[in-house]
Amino acid sequence: MGDEIKSALEIALEKAAKIGKASKEELRKEKLEKEGRRLAARFLQEKDFNLLKAIAAISPEDKPVVLRAAVDTLVRNIVFPRDELALSDIEKALKGLEVIFIDFPQVKELTAEIKKLLTLYLQQQKQLFEQFKIQFKSQMGEIEEALKQQYGQSVKIEPEMLPQFQEEWGKVKGQLEAQYKRQLDYFKDLFYKMLP
């Protein structure tokens, strides 16, 4: 284990040495990327933040790097939603992308398609969850009957609380995400193609 720690320390020292040797251009690019991520984060967190105005204030030569970082941040926030609340957070990221690509008339169609895909995913996930729960509950009947005979009284088990349920549901949910992932990745990639 001592060797692993030493190796990690050596790696950290190498990175620190590289930072000291970074060219002015690399440092400038890193600063611009940080600015792009910061703008996107402010848009996502602050209700009244004017992203369009902030983008307009960026110099034309810096804009491509800043926009790419902002797009990166917003696109990373487009994920499979757990519920309607998560979907509203994703909608905020989509609005940010609409602001960045305001000059592209087809961007609203693209964001609408993404929202439709994620809404469909959410509906199908809920439906599958209910079906899975019913199916799992039918198997639980035997366990509840055995517990009733063992303890002499009815025992009600909520399937969602069982580790086996969570594990099996995780597999089903993973298969559902895999079905939608390729389409979502395709849509996300289109934003990068619109960048200058």
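User: Let's start with helices. At what angle do α4 and α5 pack, and how far apart are the axes?
Analyst: The model is predicted, to be clear. Helix α4 covers residues 63-76 and helix α5 covers residues 84-100. They pack at about 155°, with their axes 9 Å apart.

User: Roughly parallel or roughly antiparallel?
Analyst: Roughly antiparallel, because angles over 145 degrees count that way.

User: And which hand does the crossing of α4 and α5 have?
Analyst: It is left-handed.

User: Which residues in α4 and α5 meet?
Analyst: On the α4 side, Leu67, Ala70, Val71, Leu74 and Val75. On the α5 side, Ala93, Gly96, Leu97 and Ile100.

User: What about α4 and α7? Where do those axes end up?
Analyst: The axes of α4 and α7 come within 10 Å. They cross at roughly 170°. Helix α7 is residues 163-194. This pair is therefore roughly antiparallel too.

User: Which side chains are in that contact between α4 and α7?
Analyst: α4 brings Arg68, Val71, Asp72 and Val75. α7 brings Lys188, Phe191 and Tyr192. Val71 and Val75 of α4 also meet α5.

User: Phe80 next. Where is it?
Analyst: Phe80 is in the loop between α4 and α5.

User: Buried or exposed?
Analyst: Phe80 is buried, at 17% relative accessible area. The cut-off for buried is under 20%, so Phe80 makes it.

User: What does Phe80 touch, sequence neighbours aside?
Analyst: Leaving out residues within four places in sequence, Phe80 contacts Leu118, Tyr121, Glu177, Tyr180, Lys181 and Leu184. Take Glu177: it is 97 residues from Phe80 in sequence, yet their C-alpha atoms are 7.4 Å apart.

User: Switching to aromatics. How many aromatic pairs are there?
Analyst: The count is 11. One of them joins Phe101 and Phe104. The ring centres are 5.9 Å apart and the planes are at 75°, which is edge-to-face.

User: What about Phe132 and Phe136? How are those rings set?
Analyst: Their centres are 5.9 Å apart. The planes are at 35°, so this pair counts as tilted. Both residues are buried.

User: Where do Phe132 and Phe136 lie?
Analyst: Both are in helix α6, residues 107-151. They are four residues apart, about one turn of the helix.

User: Which residues do ring pairs link into a cluster with them?
Analyst: The cluster holds Phe129, Phe132, Phe136, Phe165 and Trp169.

User: Which residue lies over the face of Phe43?
Analyst: Lys92, at 4.5 Å from the ring centre.

User: Stay on α6. What does Gln125 contact?
Analyst: Gln125 lies in helix α6. Sequence neighbours within four places aside, Gln125 is in contact with Pro81, Arg82, Trp169, Lys173 and Leu176. Trp169 is also in the ring cluster.

User: Is Gln125 buried or exposed?
Analyst: Buried, at 9% relative accessibility.

User: Now the loop between α6 and α7. How exposed is Met161?
Analyst: Met161 sits in that loop. Its relative accessibility is 68%, so Met161 counts as exposed.

User: Where does Glu158 lie?
Analyst: Glu158 lies in the loop between α6 and α7. It is partly exposed, at 40% relative accessible area. Glu158 and Lys137 are 21 residues apart in sequence and 8.2 Å apart in space, C-alpha to C-alpha.

User: Last one. How far is Glu91 from Ala146?
Analyst: Their C-alpha atoms are separated by 48 Å, at 55 residues apart along the chain. Glu91 lies in α5. It is partly exposed, at 27%.

Conventions:
Residues are numbered from 1 along each chain as its sequence is written. This is a predicted model: local features need pLDDT of at least 70, side-chain atom pairs count only at pLDDT 80 or more; totals for chains, interfaces and linings use all residues. Side-chain values use heavy atoms; hydrogens and water are left out. Rings of Phe, Tyr and Trp (its six-membered ring) pair if their centres lie within 6.5 Å; planes under 30 degrees apart count as stacked, over 60 as edge-to-face and the rest as tilted. Helices (H or I, at least four residues) and strands (E, at least two) are DSSP runs, numbered from the N terminus. Buried means under 20% relative accessible area, exposed over 50%, partly exposed in between (1.4 Å probe, protein chains only). A charge sits over a ring if NZ of Lys or CZ of Arg is within 6 Å of the ring centre and within 35 degrees of the ring normal. Axes are lines fitted to C-alpha atoms, for helices over the stretch in contact, and angles run from 0 to 180 degrees between N-to-C directions. Angles under 35 degrees count as roughly parallel, over 145 as roughly antiparallel, 65 to 115 as roughly perpendicular and the rest as oblique. A crossing is left-handed if the near helix is turned anticlockwise from the far one by less than a right angle, and right-handed if clockwise. Contact means heavy atoms within 4.5 Å.
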